[in-house]
Amino acid sequence: MFGKHFNKSITYLFFFFLFLFLVCLDQLTKDLVINKLELYESKNLLPFLNFTFVVNYGFAFGFLNSPSLNQLIVSLVILSIILYFLYLLIKTQDYIFRFSLVLILSGALGNFLDRIIRGFVIDFIDIYKSDYHWPAFNLADSWITIGFMILIFKIALKKLVILIF
């Protein structure tokens, strides 16, 4: 009776709730950091992992990290990217592509909300080996990175299949 339309609705609901869950989890962890740590305070969790409260005014991994940059331009660029990926998400029928877009969108929205609400992005995941630290990041950055990795892998695998056959 419901058939194809019912399954499509369930799929859209799944991806919508996954999106909401990831955005909420990102915002919850940032709220915990802001309420439990002072700026630049670190809590050691594992021999290679700290939670360190830092702020980021720039793009990924602190690129262009300067509060003097025009935050409006940065926010508009990010909003444009979010809207473009939202358009792709609505258009695609491929589940893997859709999953990767949900990851990218939830991460982008999580960081965008930080920029709008706080004027900066909260980063706190500090991975290191000895004195060598990767730039601090947050869950939203992780969602974006994983989403793009899935997307790149899918595209590369598709090209490989085309080359073989």
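The legends below describe close-up views of a predicted model.

**Figure 1. Overall make-up of the protein chain.** Four helices and four strands form its secondary structure, in the order α-β-β-α-α-β-β-α from the N terminus. Of the 165 residues, 38% count as buried.

Figure 2. Thr52 belongs to strand S2, residues 49-56. Thr52 counts as buried because its relative accessibility is 9%, below the 20% cut-off. Its side chain makes a polar contact of 2.4 Å with the side chain of Ser42. Beyond neighbours within four places in sequence, the contacts of Thr52 include Tyr40, Glu41, Asp123 and Phe124.

**Figure 3. The salt bridge between Asp26 and Lys30.** The closest N and O atoms of Asp26 and Lys30 are 2.9 Å apart. About one helical turn separates the two residues, because they stand four residues apart in helix H1 (residues 3-36). Both Asp26 and Lys30 are buried.

**Figure 4. The salt bridge between Asp31 and Arg118.** Here the closest N and O atoms are 2.7 Å apart. Asp31 lies in helix H1 and Arg118 in the loop between helix H3 and strand S3, 87 residues apart. Asp31 is partly exposed at 33%, and Arg118 is partly exposed at 22%. A network of salt bridges links Asp26, Lys30, Asp31, Asp114 and Arg118.

**Figure 5. The salt bridge between Asp94 and Lys154.** The closest N and O atoms of this pair are 2.9 Å apart. Asp94 sits in the loop between helices H2 and H3, and Lys154 in helix H4, 60 residues apart. Asp94 is partly exposed, at 28% relative accessibility, and Lys154 is partly exposed, at 25%.

Terms used:
Residues numbered from 1 in each chain as written. Predicted model: local features only at pLDDT ≥ 70, side-chain atom pairs only at ≥ 80, totals over all residues. Heavy atoms only, no water. Buried < 20%, exposed > 50% of the residue type's maximum accessible area, 1.4 Å probe, protein only. Polar contact = N/O pair within 3.5 Å; in protein donor to acceptor, adjacent residues only side chain to side chain. Contact = heavy atoms within 4.5 Å. Salt bridge = Lys/Arg side-chain N within 4 Å of Asp/Glu carboxyl O.
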